[in-house]
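This report covers helix packing, a salt bridge, and selected residues of one model.

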Amino acid sequence: MNKTEFIAEVAEKAEMTKVQAQKAVNAFAEVIAEQMKKGEKVAILGFGTFSVTERSKRKGVNPQTKQTIVIPARKSVKFKPGAGLDLTKKK
């Protein structure tokens with residue numbers, strides 16, 4: 001599912017226009033991104049939690065040259081699904 005298809009589904013389920021759904025989806029993504037940039041955690045009950053994790057620097061190997069390289073430390077986004085997203089449960 002791409003973003004356009006996602007917006008169409010949101011519009012249908014929320015009984016709103018596609019333009020309204022697009023604004024809502026864009027606002028949702030923008031708020032999540034802003035909070036992640038601040039290092040904050042976003043918990044959405046029944047859906048999941050977005051958080052920022054620190055990845056320390058580590059050694060790696062360049063697959064083309066087989067040369068050892070140092071991969072720098074960085075931050076990444078982690079998503080932990082909530083109970084509402086348990087894919088092992090049958091509907």
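Where is the place of Ser51? Ser51 sits in strand E2 (residues 48-55), where helices (H or I, at least four residues) and strands (E, at least two) are DSSP runs numbered from the N terminus. This is a predicted model, in which local features need pLDDT of at least 70 and side-chain atom pairs count only at pLDDT 80 or more, while totals for chains, interfaces and linings use all residues. Residues are numbered from 1 along each chain as its sequence is written, and side-chain values use heavy atoms, with hydrogens and water left out.

Ser51 counts as buried at 18% relative accessibility. The classes are buried for under 20% relative accessible area, exposed for over 50%, and partly exposed in between (1.4 Å probe, protein chains only). With its neighbours within four places in sequence left aside, Ser51 is in contact (heavy atoms within 4.5 Å) with Met36, Lys41, Ser76, Val77 and Lys78. Ser76 lies in strand E5 and is buried, with a relative accessible area of 17%. Under the same exclusion of neighbours within four places, Ser76 is in contact with Ser51, Val52, Thr53 and Arg55.

A salt bridge is a side-chain nitrogen of Lys or Arg within 4 Å of a carboxyl oxygen of Asp or Glu. By this rule the count comes to one salt bridge. The side chains of Glu54 and Lys75 form a salt bridge at 4.0 Å, N to O. Glu54 is in strand E2 and Lys75 in strand E5 (residues 74-81), so the pair ties together parts that are 21 residues apart in sequence. Glu54 is exposed, with a relative accessible area of 61%, and Lys75 counts as exposed at 55% relative accessibility.

**Helices H1 and H2**

Helix H1 (residues 3-14) packs against helix H2 (residues 18-38) at an angle of about 115 degrees, with their axes 8 Å apart. Axes are lines fitted to C-alpha atoms, for helices over the stretch in contact, and angles run from 0 to 180 degrees between N-to-C directions. H1 and H2 are therefore roughly perpendicular to each other; angles under 35 degrees count as roughly parallel, over 145 as roughly antiparallel, 65 to 115 as roughly perpendicular and the rest as oblique. On the H1 side, the contact is made by Lys3, Phe6, Ile7, Ala8, Val10 and Ala11, and on the H2 side by Lys18, Ala21, Gln22, Val25 and Asn26. By class, this contact of H1 with H2 has seven nonpolar, two polar and two charged residues. Here Ala, Val, Leu, Ile, Met, Phe, Trp, Tyr, Cys and Pro count as nonpolar, Asp, Glu, Lys and Arg as charged, and the others, Gly among them, as polar.

Thr17 lies in the loop between H1 and H2 and is partly exposed, with a relative accessible area of 43%. Thr17 and Ile7 are ten residues apart in sequence and 9.5 Å apart in space, C-alpha to C-alpha.

**Positive phi values**

Most residues other than glycine have a negative phi.

| Residue | Phi | Location | Relative accessible area |
|---|---|---|---|
| Lys66 | about 60 degrees | loop between strand E3 (58-61) and strand E4 (68-71) | Lys66: 63%, exposed |
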